[in-house]
Amino acid sequence: MKIYISADMEGISGVATNMQLKKDSEYQRFRRLMTADVNAAVEGAFAGGATEVVVCDGHGNMSNILIEELDSRAELISGNNRIMCQMEGIDGSFDGVFLVGYHGREGGNERAVINHTLAGGCVAEIRVNGRAVGEAELNAGVVGFYNVPVLLVTGDEALVEEVREWSPDIHTVQVKRGVDRLAARLLPPVKAREQIRRKAEEAVRGRGRIRPHILEGAVTYEIDFHGTNQALMTTTIPGVERVGPKTVRFTAEDSVTAYKEMWACLIIGMAATRGVLGDVNA
Ligand SMILES: [Zn+2]
């Protein structure tokens, strides 16, 4: 039985502010905490009956998890030149997905810790078929295409509430409660990890009771960027239409194709934040 774990960093036990996740001395501590939460999920998955676990590092530059400290039964997808963003490597061979260390969408809840949607520097909101979504729901729609369910989500209280809106059945672990976007009341990581391990085991054992999150038919995305510069440059992609000064829209035939197109828009949007060619002068 194969379990896929997509790991982000903002919802990891012990994280309270985004300054801890940037490339300074604090960051090295938080990489270890991220790896430890993932290990708790891996341990629970195997205890519940998994025979293979693949972990996908999905935060920032996508090479945060310390491979030398990762449970040796798991394999790791690391590095960012990939077409499926936080879900690289997912396919129909998996029996279930965990989303570990996730966070609420930008502006969805005033206490969602480090709330943002995929690319905080350029994206204000993403709507799928008209509904504002966070990363957990977006990614659940992607794995739903393969008829695979999301079994477990871990993060702060606001994320748990967000997940309940679209799937009350998914197992959740609340490892912190937001005070503000950049402050939180934290469970001690050892206690949080014990809950993650236990819920991961339960989730794998009870996987038959959780239905995949399936988006039927064509999927329409709307992306609100923070700037007009980002919105403009995404219209270089065929099918991407500008529907407002900072908003673009496109429709793709299924949730996986749409997700790739969304990721292309975000890559271009991130590049356009300071001008797509940066300081190229040739
Ligand atoms: Zn992240």
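**View 1. Strand 5 and strand 10 side by side.** Strand 5 (residues 123–128) and strand 10 (residues 219–225) run antiparallel and are joined by five bridges. Strands here are DSSP runs of E with at least two residues, helices are runs of H or I with at least four, and both are numbered from the N terminus. Look for Val-123, which stands opposite Phe-225 in strand 10. Helix 6 (residues 255–272) packs on the sheet and touches strand 5, strand 10 and strand 12 (247–252). The direction of helix 6 makes about 15 degrees with that of strand 10; axes are lines fitted to C-alpha atoms, for helices over the stretch in contact, and angles run from 0 to 180 degrees between N-to-C directions. This is a predicted model, in which local features need pLDDT of at least 70 and side-chain atom pairs count only at pLDDT 80 or more, while totals for chains, interfaces and linings use all residues. Residues are numbered from 1 along each chain as its sequence is written.

View 2. Now follow the five strands in the order 6-5-10-12-11, with antiparallel pairing; two strands pair if DSSP finds at least two bridges between them. Strand 6 (131–132) and strand 11 (241–244) stand at the edges with a single partner strand each, so one side of each has no neighbour in the sheet.

**View 3. The annotated binding site.** Which residues does the UniProt annotation "binding site" cover? The unreviewed entry lists Asp-8, His-59, His-103 and Glu-135; such annotations may be inferred rather than shown by experiment, and positions follow the numbering used here, with feature names shortened. These residues span 128 residues in sequence, yet no two of their C-alpha atoms are more than 11.4 Å apart, so they gather at one spot.

**View 4. A closer look at His-103.** His-103 lies in the loop between strand 4 (96–100) and strand 5. Is His-103 buried or exposed? His-103 is buried, with 29 other C-beta atoms within 10 Å; buried means 20 or more such atoms within 10 Å, exposed 12 or fewer, and partly exposed in between, with C-beta atoms placed from the backbone. Not counting residues up to four places away in sequence, His-103 touches several residues, including Asp-8, Glu-10 and Asn-115. Contact means C-beta atoms, placed from the backbone, within 7 Å.

**View 5. Glu-135 in its helix.** Glu-135 lies in helix 2 (residues 135–145) and counts as buried, with 27 C-beta neighbours inside 10 Å. Leaving aside neighbours within four places in sequence, Glu-135 is in contact with Asp-8, Gln-86, Tyr-102, Thr-117 and Leu-118.

Technical notes:
Two residues are in contact if their C-beta atoms, placed from the backbone, lie within 7 Å.
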